[in-house]
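Dear colleague,

Please find below the structure that I am handing over to you.

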Amino acid sequence: MTEQRWYVDEEVLQLDKDILGDGTLYSPATCCFVTSKVNNFVKDLLNKPYGMLCGTTKVEMKTCTRYRSRVNNGNGNNIHLGYYDTALEAHHKWYEHKVNLLSEMRKGLDQLDSRLYRKILENIRGRVYVSI
């Protein structure tokens with residue numbers, strides 16, 4: 001019997017069924033243990049109101065409407081990336097930063113489960129909107 005790791009660097013791990021699966025099934029194929037940082041990092045991928053682009057918020061200003069871009073860094077903070085003229089510009093800024101943050105997390109993700117990096121990247125790419 002192999003030893004199961006329930007913690008990393010004294011941090012208790014959380015069982016996640018949403019990153020690898022569709023969130024409805026607990027099984028070895030759809031679950032893995034992750035840190036709270038990883039769980040927080042993917043929150044903005046899983047819960048987005050209908051019709052909104054990830055990383056964007058419409059902001060009504062005195063003279064115009066702008067779109068704020070921010071990205072969840074996994075540490076419980078949203079990093080403000082700026083205001084943009086279109087939701088698409090704000091969304092693309094979110095995408096760029098989200099992928100960069102994921103790349104910085106790759107080593108730690110691979111230590112938890114070799115499937116995580118690829119699956120989270122697929123989830124990010126699945127949320128990016130490209131105009132035609």
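**Salt bridges**

Lys-119 is partly exposed, its relative accessible area being 23%; here buried means under 20% relative accessible area, exposed over 50%, and partly exposed in between, with a 1.4 Å probe and protein chains only. Please note that this is a predicted model, in which local features need pLDDT of at least 70 and side-chain atom pairs count only at pLDDT 80 or more, while totals for chains, interfaces and linings use all residues. Residues are numbered from 1 along each chain as its sequence is written, and side-chain values use heavy atoms, with hydrogens and water left out.

The side chain of Lys-119 meets that of Glu-122 in a salt bridge, at 3.7 Å from N to O. The term denotes a side-chain nitrogen of Lys or Arg within 4 Å of a carboxyl oxygen of Asp or Glu. Glu-122 is partly exposed as well, at 37% relative accessibility. Both residues belong to helix 3 (residues 116-127) and stand three residues apart, about one turn of the helix. Helices (H or I, at least four residues) and strands (E, at least two) are DSSP runs, numbered from the N terminus. Arg-118 joins Lys-119 and Glu-122 in a network of salt bridges.

In total, the structure holds seven salt bridges. Another of them pairs Asp-85 with Arg-66, whose closest N and O atoms are 3.3 Å apart. Asp-85 sits in the loop between strand 7 (78-84) and helix 2 (87-112), and Arg-66 in strand 6 (residues 65-72), so this pair ties together parts that are 19 residues apart in sequence. Asp-85 is exposed, at 53%, whereas Arg-66 is partly exposed, at 22%.

Lys-58 and Glu-60 form a further salt bridge, with 3.9 Å between the closest N and O atoms. Lys-58 is partly exposed at 49% relative accessibility, and Glu-60 is exposed at 55%.

Leaving aside neighbours within four places in sequence, Leu-102 is in contact (heavy atoms within 4.5 Å) with Phe-41, Leu-109, Tyr-117, Ile-120, Leu-121 and Ile-124.

With kind regards
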